[in-house]
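Welcome! Let's look at this structure together and ask what stands behind the words used to describe it.

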Amino acid sequence: MSRKVIVGAAQLGPIARQETRRQETRRQAVARMIALMRQAHARGVQLVVFPELALTTFFPRWYFDDPAELDAFFEREMPGPETRPLFDTARELGIGFYLGYAELVWEAGQARHFNTSILVDGRGDIVGKYRKVHLPGHHEHEPWRPFQHLEKRYFEPGDLGFGTWQAFGGTMGMALCNDRRWPETYRMLALQGTELMMLGYNTPIHYPPVPAHDHLQGFHNHLCMQAGAYQNGMWVVGVAKAGREEGCDLLGQSCIIAPTGEIVAMADTLEDELITHECDLDRTREIREHIFNFALHRRPETYGLITQPTPG
């Protein structure tokens, strides 16, 4: 039985905030994604990967003191009236997708906010959910910045851990944006057998705390994903929201990376763009049975510091 899955990385160009003259609504963003899904279907794609927070502009770049204004960026149900066409299209075309979005849930009378992704199969059913673990940025308003990065203020750290799901003929894993910079993300997934990891991101090219790193953003983006793919023997599909969004330049470079760490497909624009590759899930064995054979070579008894509580 073939374990090859044709994957499409569906990069999105900028999405404007609704208060601007462009008035880009969720419905418009969804329409753009559906257009990419139809392109993907024409190329024989079975799984489409969209970016992090794909339904709206990257709103953590602003400080909001009105909870209602902030909550307008969050989804209270999935699918909802505006996102259901994505699920209907998946069912119509028989292809699945990964989608990143802002999730609001009520538990015990309290609102909880997460940076979330879901995995949807070709029947239009949600088969997996992940909530972002490694939240970057800061808690308080820092007006010296040209733009804010308030993920730590607007989201809770994910409470679902790093899960895996049997879908598309293999073991699938999910992560979001800053998770890609942490080696533990890949290792936690690999230890559970993940063969293909999907990851959406929104990455500003300018980093206000350390502007000397601005020219390295593209290098670091690929460095961490290629290393994670190789050191854990898995496919990695990294997909950007790219381009100049609300005056903030976002990195593109959406890519598909083989278990050898090689980039096998990469976007070459900062706009809506679909790249594809046939991913042979059995290629994970090239690494996991030889170079990084966990059962043979890992020495977890020496790694205790990794799981000790964070100082302070």
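## How do we know?

Leaving aside neighbours within four places in sequence, His134 is in contact (heavy atoms within 4.5 Å) with Phe162, Asn178, Asp179, Trp182 and Thr185. This is a predicted model, in which local features need pLDDT of at least 70 and side-chain atom pairs count only at pLDDT 80 or more, while totals for chains, interfaces and linings use all residues. Residues are numbered from 1 along each chain as its sequence is written, and side-chain values use heavy atoms, with hydrogens and water left out.

Q: Why is His134 called buried?
A: Buried means under 20% relative accessible area, exposed over 50%, and partly exposed in between (1.4 Å probe, protein chains only). His134 has 15% relative accessibility, so His134 counts as buried.

Q: Where is His134 placed?
A: His134 is in the loop between strand S5 (126–131) and helix H4 (151–154). Helices (H or I, at least four residues) and strands (E, at least two) are DSSP runs, numbered from the N terminus.

Q: What makes the pair of side chains of His134 and Asp179 a polar contact?
A: A polar contact is a pair of N or O atoms within 3.5 Å; within protein, one must be able to donate a hydrogen and the other to accept it, and residues adjacent in sequence count only if both atoms are side-chain atoms. The His134 and Asp179 side chains make such a contact at 2.8 Å.

Q: How do you know that Gln11 is buried?
A: Gln11, found in strand S1 (residues 4–11), has 0% relative accessibility and therefore counts as buried. Its side chain has a polar contact of 2.7 Å with the side chain of Ser254, and also reaches the backbone oxygen of Glu271 at 3.1 Å.

Q: What makes Cys248 buried?
A: Its relative accessible area is 4%, so Cys248 is buried.

Q: Which residues of helix H7 are buried, and why are they said to line one face?
A: In helix H7 (residues 284–291), they are Thr284, Ile287 and Arg288. Down the axis of H7 they fall within an arc of 90° (taken from the directions from the helix axis to the C-beta atoms), so they line one face of the helix.
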